[in-house]
Amino acid sequence: MNIKQNAQVIEAGKTALGIELGSTQIKAVLIDADARTIAEGSYVWENDYQNGIWTYSLTDVWQGIQASYQQLAANVQSNYHISLQKIGAIGVSAMMHGYLVFDQQDRQLVPFRTWRNNITQDAADELTQLFDFNIPLRWSIAHLYHAILHQEEHVNQINYMTTLAGYVHWQLSGEKMIGIGDASGMFPIDNHCQFNPQMIEQFNNIPQVQQYSWKLADILPTIKTAGQPAGHLTSKGAKLLDPTGNLQSGSIMAAPEGDAGTGMISTNSVRLQTGNISVGTSAFSMVVLDKPLKKVHRDIDLVTTPTGLPVAMVHINNCSSDINAWTNLFQEFASRLGLNISPNKLYETLFLDAVKSDPDAGGLINYSYLSGENITDIKAGRPLFVRTPESKFTLANFMLAQLYSAFAPLKIGMDILTKKEDVHPGVMIAQGGLFKTPVMAQQVLANALNIPIAVMNNASVGGPWGMAVLAQYTASGTQQSLSDYLDTQIFAHADTMTLSPEPQGVQGYEDYIKRYQQGLAIEARADVLDD
C-alpha cells in the first residue's frame, strides 16, 4: 500500500493494535487488514528487586504503555499525515504467570510478583502432589498458596486475582476476562476450556484455605478463547491508553493473552504437533500435543494454545541477559579505544566469530543465571563463567559458550519430551532478538535440540504483532478456525529459513551439556554468596 491508502485504512479504523508487556520492553504494533505493520512504538523498562521480590510497579506499567502508544501515534502522524483516532480492535499480551491481587475497592494488595520469583517451592510441590498435575513455581495459584502458607495478612482481602495482561485489559475494557492461554498459566484448565472445577474444589478443601471468606472460583477471571470478543475499549480506557484524548472508545477487545500465546500466533504454531521457541530474557518452547503425557514432570508445564489445545511447555528463567551483559562490556571496551560500533554490528561480529570455535566450546562453561533457574534447581541468580587451565580460552570459544549456555536449560527440559515422552516435532519455529543476527544462534539451537529450527522474517518482533493478529481475528467475525485463518490469511506467503542440525555440532553440544551438568555443583555453591 502507498501512503494515501494506508492513511485511508487508518482513518476508517480498519486496523488492529497489539500491545505486549515483555520483560525488558513494552511494544505496540498497529497492523492493517492484511497483517502488515503500519506503525510501531516501544518503551524500555526493567524489573526491580524489592524485599526479595522481582516486581514492576503499576505506575511503570502505564508510563510504558502510554509512551509506546504515543511513539506509535507519532509514527502514524509523521508517516501518514493523520492523527490516530480510531482503532478497529485492540489486544493486550504480557509476560505470563505471577501474582496480581486486588481488594473490593480495586486496590492492589501487594506489589506484582512476576514469573521470575522462585519463592513458591513449598506451595508448588504440595499442589502438584494434591492435583497430580505439575504446578510450576511461577503460576498464580502457587503464589496464592505460598501467601496462604506463610499467613500473609493481605490474603483475606483478596477480591480478584489476575495476570499482568488481564490487569491491563481490565483497566482498558472494564472486563475481568482473560484468554485461555494466559489462564492456563494461572491454574490448570479442563477439557471444556475452563479452570478445572475438580481441582478448584480440592484447593478450596485445603484446611488452610478454608479460613478465608472467598472461594477460588470467585476471585479468578472469566476465560475466553481466541475469536471470542472480550469487551470494548471504554472512554476511561481510551484516556488511559492515550492521555491526549485523540483516541476514540469502542474498539473491540480481544481476550488478553500471555507471551506464550502470542509466540504461537506469530510463528503459526497452533496446530497439533507444531512447535515454537521464544527467546529473550527468559525462553520457552511449546509443542502442541496430540496425546497426553505419560506422567507428570516437574520441568514440563501443561498449558494451552489460544484455542484451548494442550501444549507441553518448557520454560527457563534465563536466556539472553548474560549475552547482553558481556556484549555491553565489549561495547564499553570498544568505546575506550574510540570505536563507535552499533549494537547490531557488535552482536553480528561476536556471533560470527563463534564460527571459528571448537564444537564443544573448548571446554569453557557459562551459567547465565541472573535469576534462579527452575530447570536446574538453582535458587538464586549467580552469573558464572568457568574454565580449567586446559580450556581453550579464545574469543570464538567464549562466544560459543555464551550461546550454548543461553539454551542449556531449555535443552535439558526438551530432552524430557523427546527422550522420555517420545514427542518429536518435525521442526520448531524460533523467534526473539537473538535471531536478528542471521544463522549462528539458529544453528546453535538446532544443534542443541537436534531438531530443525525455522526462523520467519518477523522473528524479532513477533509478540505484539501476534497479539494484533489475535485482535484482528476477533474483530473479523470469521467462521474459520484460528489455524485455518493463520494459514490462509496471515502466513500464506511467509518467508522462512530452516536450518537442520549438524552432526558435529550436535555432538559438540552433547559434550558441552555433560560438562555443564557436572559443573552445576559450582553454580549451586555460589548461592551462598551474599547479594
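User: What makes a stretch of residues count as a helix or a strand here?

Analyst: Helices (H or I, at least four residues) and strands (E, at least two) are DSSP runs, numbered from the N terminus. By that rule α14 covers residues 440-449, and asparagine 450, with a positive phi near 55°, follows α14. The model is predicted, with local features needing pLDDT of at least 70 and side-chain atom pairs pLDDT 80 or more, whereas totals for chains, interfaces and linings use all residues. Residues are numbered from 1 along each chain as its sequence is written, and side-chain values use heavy atoms, with hydrogens and water left out.

User: Why is helix α14 called mostly covered?

Analyst: Buried means under 20% relative accessible area, exposed over 50%, and partly exposed in between (1.4 Å probe, protein chains only). In α14, 10 of 10 residues are buried, so the helix is described as mostly covered.

User: What makes both faces of strand β20 count as covered?

Analyst: In a regular strand the side chains alternate between the two faces of the sheet. In β20 (residues 453-456), Ile453 and Val455 on one side are buried, as are Ala454 and Met456 on the other.

User: Why are β19 and β20 said to pair?

Analyst: Two strands pair if DSSP finds at least two bridges between them; β19 (residues 428-432) and β20 have 3 bridges in the parallel sense, and therefore they pair.
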